[in-house]
Amino acid sequence: MTGSVVSGEQPSASNVGEPRTEVAPVRTGEDLDWAALEAYLRMHLDDVDGEFSVLQFPRGSANLTYRVGFGDRLLVVRRPPFGQLARGAHDMTREYRVLSRLHREYDRAPRALLHCADESVVGAEFFVSEYRDGVVVWDSVPESMSGVDDAGRRIGYAVIDALADLHAVDPAACDLAGLGRPEGYLERQVQGWSARWDAVAEYAPAETAALVAEVTRRIRAAIPASQRAGIVHNDYKVDNCQFPHGDPDRVKSVFDWDMATTGDVLVDLGTLLNYWPDRTVDPESDAAFIVVPGMHGLDLPSRAEVVARYAAGSDLDLSNIDWYEAFGCWKTVVILQQLYARFVRGETTDARMGQRGEFVAPLARRALSLLPA
């Protein structure tokens, strides 16, 4: 090695809370072959002459994402997590394809620079993208925005506007028309997520498994007719958006494109609603449950205001939006169970993943409350 890598377990409350910094020392058990990575990048990228260094973006739950430095030049390296992966998940080839093209029409997409399919380098395929400085909003208004009036609501509306702008992009204009198959998209999504749940259902208590089975039945029974196809991010949420320091009014970057495709764009709105807190609903009701309860402190617009903001710039019929929100909750249920299964199988040392299973049943109940019997 000619540079430095910082490793070590991340400090957090009882080691299961979220790390508080953008980057941190590499988590124990998530080191890669840094010498091989450094050599590969020096061979395939220009302007990488400085000292090599690595830190990790510690707050993600699935793909492993690192900030790699060559002197003052900073880059982002992403690869799938260790262990058994669901079919079609953590698709670095797809993410590279999207990010190497989408930036032409959507400036919030960081530009991908390099893809490596040779798994011998770091144990899996990976890609490299540009690094963008900014702030990601998690469970509180960032310090740089603390003096801005109505920052939480402005953050919320900026997130919605960035989604609407994405859905206005013509996939053909950035050579992404062939990214997916819009015809039959929802049916395939339901089939695929059902199969993913089946692969990890054994790690759930019997009562929870039965609950998710009922959600799945109702999801299948009420699939709406898709209205328009466009680019679908497939995991769109507040903490996948980056803002300029001190500016809550426009999203600077959108991250995590490994599930992006072309299909029914309302899936993204449903996903966003799934993660969205709402102070206007009964806090004791199933509708109040979200995976990150701390987000209530952001003082975001209500879910009804989210739908109204999106509708103001769209000609789509949103009368079936409850189904899309339920579908978003159901997908998140499956993802949570996948993360918990990885922890149970010993495929991650990230203690946060050991808690993910606790969220499955309450989120499934919320999905059920949105669907007709």
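Leu266, Leu269, Leu272 and Leu273 of helix 6 meet Arg303, Val306, Val307 and Tyr310 of helix 7, where a contact is defined by heavy atoms within 4.5 Å. The structure is a predicted model, in which local features need pLDDT of at least 70 and side-chain atom pairs count only at pLDDT 80 or more, while totals for chains, interfaces and linings use all residues. Residues are numbered from 1 along each chain as its sequence is written, and side-chain values use heavy atoms, with hydrogens and water left out.

Helices (H or I, at least four residues) and strands (E, at least two) are DSSP runs numbered from the N terminus. The axes of helix 6 (residues 266-275) and helix 7 (residues 303-312) come within 11 Å and cross at roughly 155 degrees. Axes are lines fitted to C-alpha atoms, for helices over the stretch in contact, and angles run from 0 to 180 degrees between N-to-C directions. Helix 6 and helix 7 are therefore roughly antiparallel to each other (angles under 35 degrees count as roughly parallel, over 145 as roughly antiparallel, 65 to 115 as roughly perpendicular and the rest as oblique).

Tyr236 is placed in the loop between strand 8 (229-232) and strand 9 (241-243). With a relative accessibility of 0%, Tyr236 counts as buried (under 20% relative accessible area, with exposed over 50% and partly exposed in between; 1.4 Å probe, protein chains only). Apart from neighbours within four places in sequence, the contacts of Tyr236 include Leu272 and Tyr275, as well as Val159, Ala162, Leu163 and Cys241. A polar atom of the Tyr236 side chain lies 3.4 Å from the backbone nitrogen of Leu163.

Cys241, one of the contacts of Tyr236, is likewise buried at 0% relative accessibility. The cysteine sulfur closest to that of Cys241 belongs to Cys174, at 18 Å, which is too far for a bond. Cys174 is buried, with a relative accessible area of 0%. A search of the whole structure finds 0 disulfides (pairs of cysteine sulfur atoms within 2.5 Å).

Thr348 is placed in the loop between helix 8 (321-344) and helix 9 (360-369). Thr348 is buried, with a relative accessible area of 10%. Its side chain reaches the backbone nitrogen of Asp350 at 3.0 Å. Leaving aside neighbours within four places in sequence, Thr348 is in contact with Glu30, Arg342, Phe343 and Met353.

Key:
Polar contact = N/O pair within 3.5 Å; in protein donor to acceptor, adjacent residues only side chain to side chain.
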